[in-house]
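Here are my notes on the two-chain model you sent.

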Amino acid sequence: MYWQKQFECMRREDLEQLQLERLQATLYRLGTHVPFYRRKLREAKVDYEAITSLEALRSLPFTTKEDLHGNYPYGLFAVPLRDVVRIHSSSGNAGMTTVVGYSKNDIKNWSDLVARILRSAGVTALDVVQIAYDYGIFTGGLGLHYGAERLGASVIPISSGNIKRQIRIMRDFKTTALICTPSHALKLADVMMDTGVNSSELSLKYGVFGAEPWSETMRREIADRLGIIATDNYGLSEVMGPGIAGECRECNGLHINEDHFLVEVLDTATLEPVPPGEVGELVITTLTKEAFPVIRYRTRDLTRLLPGACPCGRTLARMSRILGRSDDMLIIRGVNIFPAQIQAVLADIDGTEPSYLIVVDRENHEDKLTVMVEVTEALFSDQIRKQWALAASIQERLVTDLGIQVQVKLVEEKTLERIDSKGRKVIDNRTF
Amino acid sequence: MLKIRNLEAGYGKLRVLKNVSMHVSGGEIVAIIGANGAGKTTLLATIAGLIRASSGEIHFLGEDISKLAAAKIPGRGCVMVPEGRQVFASMTVADNLILGGHALSRQHKKDLSRLLDHQYELFPILRERRSQLAGTLSGGEQQMLAMGRALMSKPSLVMMDEPSTGLAPLIVRDIFQIIVRLRAEGNTVLLVEQNAKAALAIADRGYVLETGKVIIQAPAEDLLANKDVQRAYLGREKLEE
């Protein structure tokens with residue numbers, strides 16, 4: 001039922017004491033070890049030593065993704081690199097990449113927090129856990145892998161790719177817990193149907209899903225088609241990765257691991273706290289991270305805190321599933337993509353800045369990203385072969401920079417304004 | 001059991017403790033480690049009421065004891081084993097122990113002989129030496145006597161200030177094993193130690209003090225694995241080249 005009951009079911013009063021102690025120590029370490037934060041606190045005229053309550057956190061400046069970019073690669077690390085045992089990173093063009101590091105203790109805590117989430121979703125040491133996240137520089141695969149091993153489960157690091165093989169292994173190895181994006185789970189269900197594999201041939205009991213937006217409709221569909229309990233979990237690499245919050249089997253919101261993360265939900269316009277229970281941007285302060293602590297990191301994810309106690313007994317606060325973004329980031333197959341990354345690639349091509357339109361669709365439970373690029377005079381060629389080569393080279397650059405498959409379509413000038421008169425740069429046709 | 005928030009204390013104008021927040025739960029051994037002058041002893045002395053806090057809260061079993069006179073605090077169940085033992089040299093071992101029981105409530109006073117027996121069981125050497133003057137004991141024996149004396153009042157929390165000071169490594173090991181046994185018997189211990197390695201080896205959690213501030217609080221095993229702590233307090237760093 002619980003992994004670390006003493007923390008998951010802590011009395012609020014004790015939790016707040018622990019949070020304050022950890023917050024004060026974190027601020028001290030940041031203020032003394034990280035020149036960027038020292039400068040930032042000085043500029044904001046905040047004496048971090050004067051933070052004597054959790055509420056006083058609000059006097060501290062925010063940390064943004066731009067701050068992470070600006071200190072690329074190691075500028076925000078709070079320990080020397082020799083104390084760092086793992087480095088993860090987001091994809092992206094130079095200047096848009098974020099790099100995060102973990103100490104030995106960070107990895108241990110991370111594993112425990114992911115183990116909590118898996119345990120609360122129903123997974124135990126007796127389960128066979130198949131992890132179909134991409135293993136690599138993203139935090140999803142390794143993050144969940146370490147947590148599942150910490151829990152003592154038998155872990156199959158299937159990673160992504162070759163869906164038929166994934167299904168065969170799931171059946172033959174008697175996988176009981178599936179960990180992936182919710183759309184991947186539906187994709188698996190589709191391919192099972194196509195290849196005549198019935199869910200009754202599987203041993204699946206639990207599905208622990210995250211890394212992209214989804215909905216109650218999708219939850220029901222996944223649960224029905226795979227015959228499992230489907231739970232949601234949340235994380236982002238800038239703060240740690242998976243393990244920040246996750247649903248228990250009540251499926252009524254994600255318990256936040258508040259003994260390690262202090263959360264605020266703020267009005268995106270005023271950056272003041274929203275009234276209890278209302279939607280705002282999630283802002284997170286890490287309380288135990290050694291190598292890469294952040295204060296008041298603006299996640300840009302929209303959520304709301306849910307009132308009331310959970311029947312599961314956990315006293316940790318709950319948040320709703322992610323309801324959207326307060327910026328233009330797109331999550332395509334679990335990968336975070338910013339339109340600006342695409343714009344930067346296009347601007348690089350022969351120094352022109354062609355108009356473009358990003359179109360996202362979901363076909364057969366798979367996200368498809370299409371970039372339509374207007375061919376200006378500078379780019380135009382009457383040789384079709386040259387045009388193909390141009391499209392191919394744009395595509396190659398985008399695939400390299402974004403880390404996902406992209407379709408590139410060259411279109412004639414003035415086409416885009418006909419498609420979308422409002423001049424939007426992104427059309428997201430997906431429904432969740 | 002003990003909950004401290006934003007404690008500030010010092011000597012005259014010298015601010016030694018800066019915004020210290022910490023807690024001790026029942027049944028734990030909590031270690032406070034740090035260099036000389038980091039504020040460890042000042043922290044214990046402030047909890048014990050020997051130094052007045054200039055601001056902040058000290059809640060012990062739900063009561064704010066930050067304004068209580070030092071003499072009242074042991075009666076609340078919070079006793080200190082001071083650095084350098086400070087046993088009464090010209091009294092016998094048995095009398096030292098009995099003196100420790102003076103803070104017992106009347107109904108517990110009748111338990112005195114049973115409590116005395118329990119200390120002798122914990123520290124067999126004290127039984128052997130019970131008629132000897134405390135001043136004739138070795139350093140390690142005096143440390144045991146000081147601990148036994150503190151335990152005679154059936155305290156809820158035992159605070160120990162540098163119990164390893166001036167003791168041979170083998171004796172230190174004995175003393176620390178007794179502290180572990182105290183926890184097993186349901187006692188709660190707040191341990192201030194320069195010998196960070198020995199203290200963290202037996203503690204559940206630890207706080208690292210640096211110039212009067214808590215720079216990290218974590219489970220003891222995490223502190224042992226923390227490279228900053230290793231470099232500063234454990235006198236080693238495994239660098240595999």
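Which residue in strand 2 of chain B stands opposite B:L7?

1. **The pair asked about.** The residue opposite B:L7 is B:V20, in strand 2 of chain B. Bear in mind that this is a predicted model. Strand 1 of chain B covers residues 2–11 and is joined to strand 2 of chain B by seven bridges. The two strands run antiparallel.

2. Chain B has an open sheet of four strands, in the order 2-1-4-5, with antiparallel pairing. Strand 2 (14–24) and strand 5 (63–64) of chain B are the edge strands. Each has a single partner strand, so one side of each is left without a neighbour in the sheet. In general, strands of a sheet pair through backbone hydrogen bonds.

3. **Helices across the sheet.** Helix 1 of chain B (residues 40–47) lies across strand 1, strand 2 and strand 4 (55–60) of chain B. Its direction is at about 70° to strand 2 of chain B. Helix 2 of chain A also belongs in this picture: this helix lies across strand 1 and strand 2 of chain B. Helix 2 of chain A runs at about 140° to strand 2 of chain B.

4. **The contact between chains.** Chain A puts 15 residues into the contact, and chain B puts in 18 residues. On the chain A side, helix 2 (12–33) and helix 5 (104–120) are the elements that give two or more residues. Helix 2 of chain A gives the most, with eight residues. By class, the chain A side has seven charged, four polar and four nonpolar residues.

5. **The cores.** The largest nonpolar core has 159 residues. Those touching the most other members are A:V129, A:I131, A:I179, B:A31, B:M159 and B:L191. Leaving out residues up to four places away in sequence, the contacts of A:V129 include A:V123, A:A148, A:I156 and A:I179. Another core, of 19 residues, lies apart from the largest one. Its members include A:I337, A:L357, A:L369 and A:I394.

6. **Strand 11 of chain A.** How many of the seven residues of strand 11 (280–286) of chain A are buried? Seven of its seven residues are. Six bridges join strand 11 of chain A to strand 10 (residues 261–266) of chain A, and these two run antiparallel. There, A:L262 stands opposite A:T285. Strand 12 (residues 297–303) of chain A is also antiparallel to strand 11 of chain A, through four bridges. A:I284 has A:Y297 as its bridge partner in strand 12 of chain A.

Technical notes:
Residues numbered from 1 in each chain as written. Chains lettered and ligands numbered in written order. Predicted model: local features only at pLDDT ≥ 70, side-chain atom pairs only at ≥ 80, totals over all residues. Contact = placed C-beta atoms within 7 Å. Nonpolar A, V, L, I, M, F, W, Y, C, P; charged D, E, K, R; others polar. Pairing = 2+ DSSP bridges. Axes fitted to C-alpha atoms, helices over the stretch in contact; angles between N-to-C directions. Core = buried A, V, L, I, M, F, W, Y, C linked by C-beta atoms within 7 Å. Buried ≥ 20, exposed ≤ 12 C-beta atoms within 10 Å, placed from the backbone.
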